[in-house]
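Please examine the sequence and the model shown here.

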Amino acid sequence: MATFKQPPLLVTRLNSHESIFCYAVRHPSPDPETSEMTTPDSPHRRIVGRAAQAHLPNRFERVRLEVDPDADLDPEDSGDSDRRVPTVLLPDASRTIIRENSSPDISFRYSLNPYRGCEHGCAYCYARPTHETLGMDAALDFETKIVVKYDAPELLRAELAKRSWQVEPIVMSGVTDCYQPIERQLELTRRCLAVMLEARQPVGIVTKNALVLRDLDMLGEMARRNLVCVNVSLTTLDPALARTMEPRTASPQARLRAIAELSAAGVPTRVMTAPIIPGLNDHEIPKLLEAASEAGANGAAYVLLRLPLSVLPVFEAWLEQNRPLQRDRIRALIRETRGGAMNDARFGSRMRGDGPYAQGIARTFRVFARKYGLDGEMPALDCSQFVRPEPSDGQLRLF
C-alpha cells in the first residue's frame, strides 16, 4: 500500500491500560477484501475476552496508527501474560432513538438501540462497520469503545408521545445487542421496556445474553398482553467455539436456559440459529433446533453468514488465529454460497445465499424445524392497546 515518501512519524498513544508505540501512516482508503489487522498476532500477547486482536484501518480515514514491531513493550509487562483491553463508555448525543429501516430483507420497520458498538465482540458481527462512521474502527474499537445513549428512555417516551407516531412494533437490538454486559449496570434497556409497558407499545427483542431474564417481570406482563416476543440467538452448542467466536456472550447452555425460562413464563420465544457459517457450524443445525425445541422455543429462523465491508478482515483474522486448519475449507464454502465472492450484498440473497450448498443449508433447516415443531409463524403483536405516554417534561397536551 502507498505511504508518504518521508519517514512516518513515531508517536505514542497512551491509554489507561497500555502504552503502545505506533507509526502514523497515510494510506489510500482500505479495500475490505485485502485489509489486514494492524497488529501482528503474537501468542504471548493475545488479548483475552476479545474476538478482534488488533485495530483495523477505518475505510473513511486516510491516516491510521500502526504498531511499531521494533518498539519495546511496557517495561512493567513481562510479556508472559495475556493483555486485557478495558471497555470505555462514550456518551451519545443523539436526539432521536427510534430508527426506521427500509430493507426488504428485514421483517420490521422500526428499531431501537441504546448502545452503539457491542462488548459481545462476535467475530462475525455485521454491525461492525457502523463504528467507522463514528471515526473509530470496526475491530477492537467496536468491542471496547461503546457509545451509550444515556437518555434513551427519555427520548423514547418523547417520541412515543408525539402525535406523529403511528404505532408499529419496535425491535430492540436491530443492530447491537441491548443486553450486552454493560446493560447490567446501566439498565437502559430495562427502563425503555418500562416506557413501552406503560404505553402498551409492542416490542420485539433480539439477544444472545441470558441477562434478558432479569426483566422477566415486565416481559411476562407484556406477554400476557401480547406485546412482546423474544428472539434468542444460538450459534453453536460448543462452549469452546462460543468462547472465542462470541467471547462476551452468554454460554450456549445459559441461552438455552433463557429460552426455557422465557417460554415457561409465557413469553413467545424464537431461536435464531444465526449466523450459519458454512464449514464451521452448519453441521450443528439439527442439534441446535433439537435443543431449542426441548427448551420450549416457539419458532426458529436462521441467517447465512454475512461479511460486509470491514467485517471480512476481522472474521478472516479470527479464522487464521482460531481455526487455521479449517480456514481454507470455510472460505471455499462461503464463496460457494456467495457466487464466488466472500460476500453478497444484494437484497433477496444476502440473508440466505445462492447455489447448491446454500440450498442444502436451507433444506436441512426446514426439515429439522418441521421435525421439532419450530416451523410455525410467531404470533402477531397487538398494536391496538397503545396509549400515548405523557411527556417526561410534564408538559400537558392541548388536544
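What follows is a guided reading of the structure, from overall composition to individual helices.

The structure is a predicted model, in which local features need pLDDT of at least 70 and side-chain atom pairs count only at pLDDT 80 or more, while totals for chains, interfaces and linings use all residues. Residues are numbered from 1 along each chain as its sequence is written, and side-chain values use heavy atoms, with hydrogens and water left out.

The pLDDT, the predictor's confidence in each residue on a scale from 0 to 100, averages 87 over the chain, and 82% of the residues score at least 70. In residues 1-29 the pLDDT stays under 50, and the model has 65 contacts beyond four places in sequence for them; a contact means heavy atoms within 4.5 Å. Residues 38-44 also stay under 50, with 16 contacts beyond four places in sequence.

The chain contains 11 helices and 13 strands. Of the 399 residues in the chain, 51% are buried; buried denotes under 20% relative accessible area, exposed over 50%, and partly exposed the range in between, with a 1.4 Å probe and protein chains only. Among contacts between residues at least 6 apart in sequence, 79% join residues at least 24 apart.

Helix α4 covers residues 188-199. Its 12 residues should span 16 Å at 1.5 Å a residue, and its end C-alpha atoms are 17 Å apart, which agrees; the expected span is 1.5 Å times one less than the number of residues. L188, T189, C192, L193, V195, M196, L197 and A199 are the buried residues of α4. After α4 comes R200, with a positive phi near 55°.

How is such packing described? Two packed helices are characterised by the angle between their axes and the distance between the axes. The axes of α4 and helix α2 (residues 152-161) come within 8 Å and cross at roughly 20°. Axes are lines fitted to C-alpha atoms, for helices over the stretch in contact, and angles run from 0 to 180 degrees between N-to-C directions. The two helices α2 and α4 are therefore roughly parallel, a term for angles under 35 degrees. Their crossing is right-handed, meaning that the near helix is turned clockwise from the far one by less than a right angle. At this crossing, residues of α2 including L156, R157 and L160 meet residues of α4, among them L188, C192 and V195.

Just after α7, G266 takes a positive phi of about 85°.

Helix α8 also packs with helix α11 (residues 356-371), at an angle of about 30° and with the axes 9 Å apart. The helices α8 and α11 are therefore roughly parallel, and their crossing is right-handed. I285, P286 and L289 in α8 meet I361, T364, F365, F368 and A369 in α11. E294 also lies in α8, and counts as exposed at 64% relative accessibility. The C-alpha atoms of E294 and Y372 are separated by 8.5 Å, although these residues are 78 apart along the chain.

Key:
Helix = DSSP H or I, 4+ residues; strand = E, 2+ residues; numbered from the N terminus. Parallel < 35°, antiparallel > 145°, perpendicular 65-115°, else oblique.
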